[in-house]
Amino acid sequence: MASGPISDNSARADQRLMWEDEMRLWSICLIGGLSGLGLPTVALAGDMNDEELIENAMSAAPDAVARNATIIAFDEEMNVRTVREGTGNFTCLPDNPASPGNDPMCLDANGMEWAEAWMGKIQPPAGKVGFGYMLQGGSDASNADPHASGPAEGADWVDTGPHVMIFNAGEMVQDYPSPAENPDTSQPYVMWPGTPYEHLMIPVE
(Lines give C-alpha, C1' and ligand atoms only; values in the text may rest on other atoms or scores of the structure.)
Protein backbone atom coordinates (compact mmCIF):
# COMPACT_ATOMS: atom_id res chain seq x y z
CA MET A 1 0.00 0.00 0.00
CA ALA A 2 2.89 2.41 0.70
CA SER A 3 4.26 2.13 -2.82
CA GLY A 4 1.50 4.32 -4.31
CA PRO A 5 2.20 7.53 -2.34
CA ILE A 6 5.97 7.06 -2.65
CA SER A 7 5.61 6.67 -6.40
CA ASP A 8 3.38 9.74 -6.60
CA ASN A 9 5.82 11.81 -4.56
CA SER A 10 8.72 10.67 -6.71
CA ALA A 11 6.87 11.54 -9.91
CA ARG A 12 5.98 14.96 -8.52
CA ALA A 13 9.62 15.60 -7.56
CA ASP A 14 10.77 14.61 -11.06
CA GLN A 15 8.19 16.94 -12.58
CA ARG A 16 9.34 19.79 -10.29
CA LEU A 17 12.95 19.32 -11.45
CA MET A 18 11.78 19.35 -15.08
CA TRP A 19 9.83 22.58 -14.51
CA GLU A 20 12.81 24.24 -12.85
CA ASP A 21 15.11 23.27 -15.74
CA GLU A 22 12.57 24.64 -18.22
CA MET A 23 12.27 27.92 -16.37
CA ARG A 24 16.03 28.36 -16.27
CA LEU A 25 15.97 28.09 -20.07
CA TRP A 26 13.09 30.55 -20.16
CA SER A 27 15.06 33.04 -18.09
CA ILE A 28 17.99 32.80 -20.52
CA CYS A 29 15.67 33.52 -23.46
CA LEU A 30 14.07 36.46 -21.70
CA ILE A 31 17.45 37.93 -20.77
CA GLY A 32 18.41 37.77 -24.45
CA GLY A 33 15.16 39.44 -25.44
CA LEU A 34 15.59 42.24 -22.94
CA SER A 35 19.17 42.83 -24.03
CA GLY A 36 18.09 42.86 -27.67
CA LEU A 37 15.58 45.58 -26.86
CA GLY A 38 18.28 47.62 -25.16
CA LEU A 39 16.56 47.27 -21.80
CA PRO A 40 18.19 46.34 -18.49
CA THR A 41 17.88 42.70 -17.50
CA VAL A 42 15.80 43.20 -14.39
CA ALA A 43 14.00 40.43 -12.56
CA LEU A 44 10.70 39.58 -14.18
CA ALA A 45 8.97 39.72 -10.84
CA GLY A 46 9.56 43.48 -10.75
CA ASP A 47 8.77 44.99 -7.38
CA MET A 48 5.90 42.64 -6.51
CA ASN A 49 5.94 40.77 -3.23
CA ASP A 50 4.99 37.09 -3.08
CA GLU A 51 1.32 37.77 -2.41
CA GLU A 52 1.18 40.09 -5.43
CA LEU A 53 3.07 37.61 -7.61
CA ILE A 54 0.60 34.88 -6.73
CA GLU A 55 -2.41 37.11 -7.34
CA ASN A 56 -1.06 38.29 -10.70
CA ALA A 57 -0.06 34.81 -11.89
CA MET A 58 -3.40 33.31 -10.85
CA SER A 59 -5.27 35.95 -12.85
CA ALA A 60 -4.12 34.18 -16.03
CA ALA A 61 -6.51 31.25 -15.57
CA PRO A 62 -9.93 30.38 -14.13
CA ASP A 63 -9.92 30.01 -10.37
CA ALA A 64 -10.63 26.27 -10.61
CA VAL A 65 -7.27 25.89 -12.41
CA ALA A 66 -5.22 28.64 -10.78
CA ARG A 67 -5.96 27.81 -7.15
CA ASN A 68 -4.12 24.46 -7.46
CA ALA A 69 -1.38 25.62 -9.81
CA THR A 70 2.30 25.96 -9.00
CA ILE A 71 3.42 29.60 -9.09
CA ILE A 72 6.94 30.39 -10.22
CA ALA A 73 8.87 33.63 -10.70
CA PHE A 74 12.45 34.82 -11.12
CA ASP A 75 14.75 36.36 -8.57
CA GLU A 76 17.11 39.31 -9.12
CA GLU A 77 19.67 37.00 -10.72
CA MET A 78 17.06 35.53 -13.10
CA ASN A 79 16.98 32.17 -11.35
CA VAL A 80 13.65 30.39 -11.18
CA ARG A 81 11.94 30.46 -7.81
CA THR A 82 8.91 28.51 -6.70
CA VAL A 83 6.65 31.04 -5.02
CA ARG A 84 3.95 28.49 -4.21
CA GLU A 85 3.91 24.73 -4.57
CA GLY A 86 0.86 23.39 -6.37
CA THR A 87 -0.98 20.12 -6.64
CA GLY A 88 -2.46 20.55 -10.11
CA ASN A 89 -1.26 20.04 -13.67
CA PHE A 90 -0.68 23.75 -14.36
CA THR A 91 2.18 26.15 -13.70
CA CYS A 92 1.50 29.89 -13.67
CA LEU A 93 3.90 32.80 -14.17
CA PRO A 94 3.29 36.47 -13.34
CA ASP A 95 3.51 39.36 -15.78
CA ASN A 96 6.63 39.84 -17.90
CA PRO A 97 7.55 43.56 -17.61
CA ALA A 98 9.57 43.30 -20.85
CA SER A 99 6.34 43.37 -22.87
CA PRO A 100 3.95 46.33 -23.06
CA GLY A 101 0.92 44.70 -21.41
CA ASN A 102 0.03 42.66 -18.36
CA ASP A 103 0.56 39.10 -19.56
CA PRO A 104 0.64 36.39 -16.88
CA MET A 105 0.18 32.85 -18.17
CA CYS A 106 -0.68 29.35 -17.00
CA LEU A 107 0.49 26.28 -18.92
CA ASP A 108 -0.25 22.60 -18.39
CA ALA A 109 2.57 20.03 -18.26
CA ASN A 110 2.56 19.45 -22.04
CA GLY A 111 2.48 23.19 -22.57
CA MET A 112 5.58 23.53 -20.43
CA GLU A 113 7.34 20.88 -22.53
CA TRP A 114 6.35 22.79 -25.66
CA ALA A 115 7.75 25.99 -24.12
CA GLU A 116 11.03 24.21 -23.33
CA ALA A 117 11.32 23.14 -26.98
CA TRP A 118 10.56 26.67 -28.18
CA MET A 119 13.13 28.21 -25.84
CA GLY A 120 15.73 25.61 -26.75
CA LYS A 121 14.97 25.94 -30.49
CA ILE A 122 14.34 22.22 -30.78
CA GLN A 123 11.43 20.19 -32.12
CA PRO A 124 8.49 20.00 -29.72
CA PRO A 125 7.76 16.48 -28.42
CA ALA A 126 5.57 14.57 -30.85
CA GLY A 127 2.01 13.72 -29.83
CA LYS A 128 1.90 15.97 -26.77
CA VAL A 129 -0.83 18.57 -27.23
CA GLY A 130 -0.55 21.34 -24.67
CA PHE A 131 -2.95 23.93 -23.34
CA GLY A 132 -2.46 27.37 -21.85
CA TYR A 133 -4.41 30.33 -20.46
CA MET A 134 -3.70 34.05 -20.83
CA LEU A 135 -6.93 35.57 -19.56
CA GLN A 136 -5.31 38.99 -19.09
CA GLY A 137 -4.20 39.02 -22.73
CA GLY A 138 -0.67 39.28 -24.03
CA SER A 139 1.75 41.07 -26.36
CA ASP A 140 4.07 39.34 -28.82
CA ALA A 141 6.91 40.81 -30.84
CA SER A 142 5.97 39.00 -34.06
CA ASN A 143 3.37 36.60 -35.42
CA ALA A 144 5.94 35.20 -37.85
CA ASP A 145 9.21 34.90 -35.93
CA PRO A 146 8.99 32.80 -32.75
CA HIS A 147 12.29 34.15 -31.47
CA ALA A 148 11.92 37.85 -32.24
CA SER A 149 13.12 40.02 -29.35
CA GLY A 150 11.01 42.97 -30.47
CA PRO A 151 8.80 44.13 -33.36
CA ALA A 152 10.42 44.64 -36.74
CA GLU A 153 11.15 48.22 -37.76
CA GLY A 154 7.87 50.00 -38.40
CA ALA A 155 5.80 47.16 -36.94
CA ASP A 156 3.78 47.05 -33.74
CA TRP A 157 3.49 44.51 -30.97
CA VAL A 158 0.83 41.87 -31.64
CA ASP A 159 -1.65 42.54 -28.86
CA THR A 160 -4.19 39.80 -28.18
CA GLY A 161 -6.95 40.14 -25.60
CA PRO A 162 -7.90 37.36 -23.18
CA HIS A 163 -7.25 34.03 -24.88
CA VAL A 164 -6.38 30.38 -24.53
CA MET A 165 -3.72 28.53 -26.50
CA ILE A 166 -3.42 25.06 -27.97
CA PHE A 167 0.16 23.94 -28.55
CA ASN A 168 1.62 21.23 -30.73
CA ALA A 169 -1.68 20.43 -32.43
CA GLY A 170 -0.13 19.62 -35.81
CA GLU A 171 -2.50 19.52 -38.77
CA MET A 172 -5.45 20.45 -36.56
CA VAL A 173 -4.60 24.15 -37.05
CA GLN A 174 -4.38 24.11 -40.85
CA ASP A 175 -7.90 25.47 -41.46
CA TYR A 176 -7.43 28.52 -39.24
CA PRO A 177 -6.11 31.92 -40.43
CA SER A 178 -2.32 31.92 -40.48
CA PRO A 179 -1.21 35.47 -41.28
CA ALA A 180 2.46 36.31 -40.99
CA GLU A 181 1.59 39.89 -40.05
CA ASN A 182 -1.31 41.77 -38.50
CA PRO A 183 -3.51 38.86 -37.39
CA ASP A 184 -7.15 39.54 -36.59
CA THR A 185 -6.91 38.84 -32.89
CA SER A 186 -10.70 39.01 -32.45
CA GLN A 187 -10.98 35.50 -33.93
CA PRO A 188 -8.95 32.28 -33.63
CA TYR A 189 -5.65 32.45 -35.51
CA VAL A 190 -2.34 30.63 -35.76
CA MET A 191 0.70 32.24 -34.22
CA TRP A 192 4.13 31.51 -35.72
CA PRO A 193 2.61 29.60 -38.67
CA GLY A 194 4.84 27.28 -40.65
CA THR A 195 7.31 26.86 -37.78
CA PRO A 196 7.61 23.97 -35.32
CA TYR A 197 6.15 26.29 -32.70
CA GLU A 198 2.91 27.27 -34.44
CA HIS A 199 -0.01 27.23 -32.06
CA LEU A 200 -3.66 28.19 -32.02
CA MET A 201 -4.70 31.41 -30.31
CA ILE A 202 -8.38 31.43 -29.32
CA PRO A 203 -9.91 34.65 -27.93
CA VAL A 204 -12.31 34.28 -25.03
CA GLU A 205 -14.68 36.63 -23.19
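1. Let's start at the surface: lysine 121 counts as exposed because its relative accessibility is 58% (exposed means over 50% relative accessible area, buried under 20%, partly exposed in between, with a 1.4 Å probe and protein chains only). Lysine 121 sits in the loop that joins H4 to strand S5 (130-134). Its phi is positive, about 55°, although this residue is not a glycine. For background, most residues other than glycine have a negative phi.

2. A word on the model before you go further. This is a predicted model, in which local features need pLDDT of at least 70 and side-chain atom pairs count only at pLDDT 80 or more, while totals for chains, interfaces and linings use all residues. Residues are numbered from 1 along each chain as its sequence is written, and side-chain values use heavy atoms, with hydrogens and water left out.

3. Tryptophan 192 also has a positive phi, near 55°, in a residue other than glycine. Is tryptophan 192 buried or exposed? Tryptophan 192 counts as buried, because its relative accessibility is 6%. Its place is the loop between S9 and strand S10 (199-203).

4. Now the overall layout. The protein has four helices and ten strands, which are DSSP runs numbered from the N terminus (H or I, at least four residues, for helices; E, at least two, for strands). Read from the N terminus, the order is α-α-α-β-β-β-β-α-β-β-β-β-β-β. Of its 205 residues, 42% count as buried. Among contacts (heavy atoms within 4.5 Å) with a separation of 6 or more, 61% join residues 24 or more positions apart.

5. Which residues have the most contacts inside the largest nonpolar core? They are Leu107, Trp114, Trp118, Met165, Met191 and Trp192, in a core of 20 residues. A nonpolar core here is a set of buried Ala, Val, Leu, Ile, Met, Phe, Trp, Tyr and Cys residues joined through side-chain atoms within 4.5 Å. Strand S1 (70-74), strand S4 (105-108), helix H4 (109-120), strand S8 (163-167) and strand S9 (189-191) each give two or more residues to this core. H4 gives the most, with five residues. A second, separate core has 17 residues, including Met58, Ile71, Val83 and Cys92.

6. Leaving out residues up to four places away in sequence, methionine 165 touches Leu107, Gly130, Phe131, Gly132, Tyr133, Met134, His199, Leu200 and Met201.

7. A search of the whole structure finds one disulfide (a pair of cysteine sulfur atoms within 2.5 Å). Cysteine 92 and cysteine 106 form it, with their sulfur atoms 1.9 Å apart. It links distant parts of the chain, from cysteine 92 in strand S3 to cysteine 106 in strand S4, 14 residues apart. The torsion about the S-S bond is about 110°, so the disulfide is right-handed. Both cysteines are buried, and cysteine 106 stands opposite tyrosine 133 in S5.

8. Finally, proline 94, in the loop between strand S3 (90-93) and S4. Proline 94 is buried, with a relative accessible area of 11%. Beyond its neighbours within four places in sequence, proline 94 contacts Met48, Leu53, Asn56, Ala57, Ile72, Ala73 and Pro104. Leucine 53 is 41 residues from proline 94 in sequence, with 5.8 Å between their C-alpha atoms.

Terms used:
Two strands pair if DSSP finds at least two bridges between them.
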